[in-house]
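Me: I would like to learn how to read packing between helices and strands. Can we work through one model together?

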Amino acid sequence: MTELEEALTALERGDETTSIKLLKSMIESNPKHAEAWSFYGIVLLKKNQPEAIEALKKACDIAPLESRWHLHLGRCLNQVKDFAGAKTALQRAAELSHYAPDAALALTKALIQLGELNEALNVIQISAARYDSPQVHHKHAQISAALHDYTTAISAIKTAYRNANMSEADSLLLAKWHIHVKDFTAAQNLVDKVLAIRKNDPKATILAANLASWKGDFDRARNLIKKALISHPKHIDLIVEQLLLSTSTDADTYHFASEIVNQPGTSSDSRIKLLFALAQTADRHGDYELAWDYATTANRLAKNGSTFDINSLYKQLEHALTIYQKSRPLDSSEDVQQIYFLGPPRCGGSLIQTLLAAAPGVASVGERGALLPWLMPMLVGHDGIDVFNKSQHQLQQADIAGLRALAPSASVYVDKTTHNLHLAGLLQRIHPSAKFVHIERNKKDMALSIYMRNFSNTFTYSYEIDDINRYLDFQTYAVKKWQELGLPILTHNHDDFVKAPESHGKALFTDLGLSWNNSYLGVEARSASVETFSSMQVRNEIKPPPQPKWKPYAKYLASI
């Protein structure tokens, strides 16, 4: 056994002291021994980080064309969270190894940590094309999903498990991706398989209940949660779902939730979920002050020192307006029609989306927003116009292909992604035939509804009423700026619609060039799945509430 083999054997059995001693002896007798330097750095990393990194760099200097030493350096830099340094080292390792899986995977880790998702995707695509590695295909799926390309994510994860049984965790992940592409049957089959193996599993049960809720089968959703709670009576997420699905006073669950929300062992994340669920439950019971207190506590806990930068939104809009003015719509004709809703969360878009989807040939794609991950980076810096002009046609073709994959028989697709408004003009440049609908609703109702729901992982303006107010003002401003540049935007008022749904529904359909039928207003006709907080509301008869939702909270909304 060579001295190097002895050192590595000692390392394998956990004897780092002997390994370091042997490697140091090798380096002293042969200062140009790159392999010894590299493994010396790896072993030394926990004991002396600066010296370890220098040893790893020394190996790269001695043998700059050996990919392994750059890989070792990059992995160790990843461990110490020097992701910029890791990126440089691992890019070299990837190039020298022709994007071998170990180098590609390590490089994507650094790129993801740096927020460079598109670059990470490019690296993993090169590796996936050259090597049939399950780990690479799995990472390809994860990155694609992070970029909202769920069709590719589904294909990649299936390839990763082509010769193996899919884990239960990944089965549920794949189910969620199928939901994003509206393949609810595939999602249901995956969830059912997990539940067949692990009866009443909380995660699988909640996903199954969500699928039932989104389709309007709330009785099934409640029964699923109820049965799972028997097996897992203290599971926080199940309790939250029970509260949110409740239509009457569930005194036992409500009392238990109100007790555990303040217990020392309850995590911050669990407390936030419980507080928002308790707020909505108290609101349904007419206990408005308690509801407000629960929501306020939840938002303060969720905020956790974060701030809302309204100026960044105005800057993004300014860049989008500039690109719009310096670009032109594509000449190519489209055989599909996009309808984009422009409006904040809780404006009533989900209801109108299901109404439109009741018409023949119209498909609801929810909050798809597939173009946003590609367009948003163009709103930063000065090269956005050039990048947009170069990618415009490719984005159009990819988006149309994605829409057809979602609903092959449809010719009209309705997208209600909140950020549509931020770059509406760019969407029109890509899809010249697109139509835009600005959905208006009472400002206080929208602000209250946002404040009472758990948007904490999505929108940093949702924690404070004043920030919500500023964001809603930005929405109004953005609509005006796009209209000033000539972008045709229709207006639909939600409050007027619920008072007279037949006349306002027909008017909207006429403006969009669609044929109207009064039967679309029926609950049965509006069967499109709704994957938002609005899933329960849109399944009810369309009628105005006895009083505006904000009225009982008037004293808290005085600034709006």
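Me: At about what angle to S1 does helix H22 run?

Reply: This is a predicted model. Helix H22, residues 384–406, runs at about 95 degrees to S1. The helix lies across S1 and strand S3 (412–415).

Me: What is the strand order of the open sheet, and what is the pairing?

Reply: The sheet has 5 strands in the order S2-S3-S1-S4-S5, and the pairing is parallel. Strand S2 (362–364) and strand S5 (489–493) are the edges, each pairing on one side only. From one strand to the next, the twist averages 25 degrees.

Me: How many bridges join S1 to S4?

Reply: Strand S1 (residues 337–342) and strand S4 (residues 435–440) run parallel and are joined by 4 bridges. Ile339 stands opposite Lys435 in S4.

Me: Now the helix pairs. What describes two packed helices?

Reply: The angle between their axes and the distance between the axes describe them. Take H8 (residues 117–130) and H9 (residues 134–146): their axes come within 9 Å and cross at roughly 150 degrees. An angle over 145 degrees counts as roughly antiparallel, so H8 is roughly antiparallel to H9. The crossing of H8 past H9 is left-handed.

Me: Which residues of H8 meet H9?

Reply: On the H8 side they are Leu117, Ala120, Leu121, Ile124, Gln125, Ser127 and Ala128. They meet Val136, His137, Lys139, His140, Ile143, Ser144 and Ala146 in H9. By class, the residues of this contact between H8 and H9 divide into 8 nonpolar, 5 polar and 1 charged.

Methods
Residues are numbered from 1 along each chain as its sequence is written. This is a predicted model: local features need pLDDT of at least 70, side-chain atom pairs count only at pLDDT 80 or more; totals for chains, interfaces and linings use all residues. Side-chain values use heavy atoms; hydrogens and water are left out. Axes are lines fitted to C-alpha atoms, for helices over the stretch in contact, and angles run from 0 to 180 degrees between N-to-C directions. Helices (H or I, at least four residues) and strands (E, at least two) are DSSP runs, numbered from the N terminus. Angles under 35 degrees count as roughly parallel, over 145 as roughly antiparallel, 65 to 115 as roughly perpendicular and the rest as oblique. A crossing is left-handed if the near helix is turned anticlockwise from the far one by less than a right angle, and right-handed if clockwise. Contact means heavy atoms within 4.5 Å. Ala, Val, Leu, Ile, Met, Phe, Trp, Tyr, Cys and Pro count as nonpolar, Asp, Glu, Lys and Arg as charged, and the others, Gly among them, as polar. Two strands pair if DSSP finds at least two bridges between them.
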